[in-house]
Every structure is written in C-alpha cells, then in structure tokens.
Amino acid sequence: ADGARVVVARSRAVLALCGRGGMALIERPVEEVAARIAAYGDALSVAAVNTDRSTVVSGEAASMDALSESLQSEGIFCRRIKVDYASHCAHIDPVLPEIRAQLADLAPQVPALPFYSAVTGLRHTAQLDAEYWCQNLRRTVRFDRAVAALLAEGLSVFVQVSPHPILAMPLTHASAAAEGVVVGSLERDRGDLSQILQSFAALCCQGVPVTLKAVLGEGGQDAVPLPPYAFERRRFWIVDT
C-alpha cells in the first residue's frame, strides 16, 4: 500500500510539469556528456548514468532539441525519451514540497533484503521515508554505481521487474565481464501471466537455479534431467570415381 502511495504521489506531482521539458538517452560517457551540456547552463542536467557509456540528460525542451540535433549531426546516438517533462533536474524542485506533504506519514521499515539504491549507488540501510523518495526523483540516478556494487558482491543475475525491460541493455553491458544473466518480467504489449512465465523460462534456459513450486504450487516439482535425444544417423560416404 505504501508503495502504491509513492507511485501515485510522484505521478500526480509530475503531471504539473508536463509540456515543459524533455529527456534524452545519449550513448556517451557521463564526463563527455557533462562537458557538452555545460554550454546550456542550467537548462540541461545529467539525469541518470546508466553505464560507463550511457547517460540520460533532462531539461528544457528547446535546449534538448538543440542538443539532439547537434549530436545526431556528428553521428552520436541520441534518442529522445517519450516523456514531455524533465525529472532528476531543477524542474522537479517546485513539486517536492507537495510530495513531502503527501508522503509525510509513511511508515517505512528497514529493508529485510539487501537494497542497493540508485540514489546513493550503495547498499541502503536507512528507512525509505518521504525525503528519500523526493531525492529519488530529484537527484541524478547512479544506476551504474548500484550495479557495480552488486557485481562486487558477486551477484550477476538481474531481473528487471517493470512494464518493459528498458534497462536490459545497460545491465547486459555492465555485467558482461561477469557473464551476467539479464531478463525482464513483462514487455510492452505483453503484460500477462504468459510473459511472466516466459521470463521465468529464460532464467531456466540460462542455468539459473529456480524453484518451480513457486509457480506451479505444491503440486509441482523441480525440473528433472531428461535422457538425451537418440540421433538417427545415416552415413553418406564419398565414393571416388
């Protein structure tokens, strides 16, 4: 219930910003992107760092258009994200008091499972209160640092639980050295149980230990090895003529 409240409060607040900004994904390191947007002053900001070569920028729509046109003319990949507002930048500041007020009475607890925050990029042990969710919307997302921390702990299986696995490519790139496994949960226009099961099967196919009883119930059983298929061979000898 608290999670739903956070989503609703943030979504309602962002509605007031629609039509005022934009965001774009740029396939370049954050240092290079920051240097390029410096000429735009406060109009553009680094919104997220996905990997060491994938950065998201947000800010004023007109400046975003100019930046996109400039990058594309140089052959640099730059794709506008399908939103008409700018999060993780100064555009968010006016709506933060409203979000704080609506979430002031949250009753968060310390996570029972290890939680790595894209706000800090580190393992987060504090309570996820109203201020945390404000900073989560305002500050630059350091997805790269959070993934690096997980990999350093020896974790390399990633399941993105979302309507569409938009972070699959950054996760695959970041975990390549560790031979990471990356799957989503749902996909665009495929939001039913069959897609969940297909994603579950993808984990099985990549050798990830899974518990089928979690899907099939107590009547199910874990996978058992099947005998190999007996190939029916026919020999075709080359005959010298």
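In helix 2 (residues 30-37), Val-30, Val-33 and Ile-37 are buried, where buried means under 20% relative accessible area, exposed over 50% and partly exposed in between (1.4 Å probe, protein chains only). Seen down the axis of helix 2, these buried residues fall within an arc of 60 degrees, so they line one face of the helix. The arc is that of the directions from the helix axis to the C-beta atoms. The face turned away from the buried side of helix 2 carries the exposed residues Glu-31 and Ala-35. The buried residues of helix 2 pack against strand 1, strand 2, strand 3 and helix 3, with contact meaning heavy atoms within 4.5 Å. Helices (H or I, at least four residues) and strands (E, at least two) are DSSP runs, numbered from the N terminus.

The model is predicted: local features need pLDDT of at least 70, side-chain atom pairs count only at pLDDT 80 or more, and totals for chains, interfaces and linings use all residues. Residues are numbered from 1 along each chain as its sequence is written, and side-chain values use heavy atoms, leaving out hydrogens and water.

Four strands form an open sheet in the order 2-3-1-4, with antiparallel pairing. Two strands pair if DSSP finds at least two bridges between them. Strand 2 (44-51) and strand 4 (78-80) are the edge strands, each pairing on one side only. From one strand to the next, the twist averages 25 degrees. Strand 1 (residues 21-26) pairs with strand 3 (residues 54-60) over six bridges. Met-23 has Ser-58 of strand 3 as its bridge partner.

Helix 3 (residues 61-73) lies across strand 1, strand 2, strand 3 and strand 4. Helix 3 runs at about 140 degrees to strand 3. Axes are lines fitted to C-alpha atoms, for helices over the stretch in contact, and angles run from 0 to 180 degrees between N-to-C directions.
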